[in-house]
Amino acid sequence: MTNPHLTHVRPSILQITPYKPGKPIEALARETGLADIIKLASNESALGPSPRAMAAAQEALLQVVRYPEEYDLKAALAEFHGIDPQQITLGHGSSELFVHLATLLLGPQRNAVYSQYAFEIYPIVVKAAGALGREVPAMGPHAAMPFGHDLAAMLEAVDRDTAIVFVANPNNPTGTHLEYDELAGFLERMPQHVMVVLDEAYVEYLGDPYAQANLQLLQHFPNVVLTRTFSKIHGLAGLRVGYAMSSAAVADLLNRVRLPFNVGRPSLAAAAASLQDTAHLEQAFAINEEGRRYLVASLQEMGLAVLPAAANFVTVALHNAQAIYEALLAQGIIVRPLKSYGLPDYLRITIGLPRENQRFVAALRQLLARGAHL
Ligand SMILES: Cc1ncc(COP(=O)(O)O)c(C=O)c1O
């Protein structure tokens, strides 16, 4: 470090590769002048938010002179999940909760375990906290869940300095997921000094039995934190609301390190209203199911290998992924290249509305037909 004013920057922070989000529509419009752009790049909801959530956010805008009050959302979440409000911690998106967990548990003498090809934010928060990240090789490409978490190897990577194990279920960007029994078996063998963070940003896309069953893990294992978000099936990514469910003791500690008022009034109101709109959530689920079937079938018809698709995206193997990404961009279709995840030969496509999925499929089909020129 040559700049004296940067002398005390934590060395581990210099090892962080900055997070590169999917390209925003506005950026592509600025760069190309294109008007008709579709974004299938950041796993946002195809359907968008509930009209009831939008109305609640607008009404809450009238009160923004006041600091937010989170009582209603916590009460709504507690009722929705059948847990105590004291077990809930709200976050500015669920990503913020990973930062608080790292603040709580990590430091220079500690390590955190996560899988190869898991969500890109884990190594960032671990290194920001000055701790060591232990990335465990994922399952091979021919496993039943290609590139899924290797739970046995993750257990082996745990030692007495391990403070957190991150498990993404379903995982982004591989679309793999774990069954309840696998998770329970893993937790039974996990030493008690390790906090297991189950990142369930996409769990609702697995359907009810899964989303509800995993809550039982909280009753059996005090060292489990479940994180969920309003950014995906609720369609509220721009409002930044996530939450953690844990023992009341862990929630109490998380509340000590988070800053007060970390979720704004319109966001709180929209989230609470969205939870009540079960018809909208069911519609979002159904649109995703239909889109997934269509995309997977279309990609397979083109002879392409598709990874498991448990969430609201489909990840597909393509030899010339970067060239195809760029060619799609030129046509106003934004998808997500996965080079930063160590998967340079894959593209991740968020499941969109039928017309968006069809436009993507038609464009890809044409590009592949022109293959040699890419
Ligand atoms: C696996 C996973 N976890 C967590 C998140 C975080 O979402 P948010 O911070 O918007 O709640 C994402 C977002 O893409 C994700 O893919």
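Reader: How many cavities of 30 Å³ or more does the structure hold?
Author: This is a predicted model, in which local features need pLDDT of at least 70 and side-chain atom pairs count only at pLDDT 80 or more, while totals for chains, interfaces and linings use all residues. Residues are numbered from 1 along each chain as its sequence is written, and side-chain values use heavy atoms, without hydrogens and water. On a 1 Å grid over the protein atoms alone, a cavity is a set of points where a 1.4 Å probe fits but cannot get out. The number of cavities of 30 Å³ or more is one.

Reader: What volume lies in the largest cavity?
Author: Its lining (residues with an atom within 4 Å of a point) includes E44, Y205, N288 and I351. Volume here is the space filled by probe spheres set on grid points joined across faces, edges and corners, and for the largest cavity the value is about 60 Å³.

Reader: Between which domains does the largest pocket lie?
Author: A pocket is an open set of points with protein on both sides within 12 Å along at least five of seven lines. The largest holds about 550 Å³, and Y19, S42, F119, K232 and R240 are the closest to its centre of the 28 lining residues. Both domains (bounds from an automatic or database assignment) give residues to the lining, so the pocket lies between domain 1 (21–48 + 279–368) and domain 2 (51–277).

Reader: Which element gives the most to the lining of the second largest pocket?
Author: This pocket has a volume of about 370 Å³ and is lined by 16 residues, with F80, E204, D208, L281 and E282 nearest its centre. Among helices (DSSP runs of H or I, at least four residues, numbered from the N terminus), α4, α9 (208–213) and α13 (278–301) each give two or more residues. With four residues, the element that gives the most is α13.
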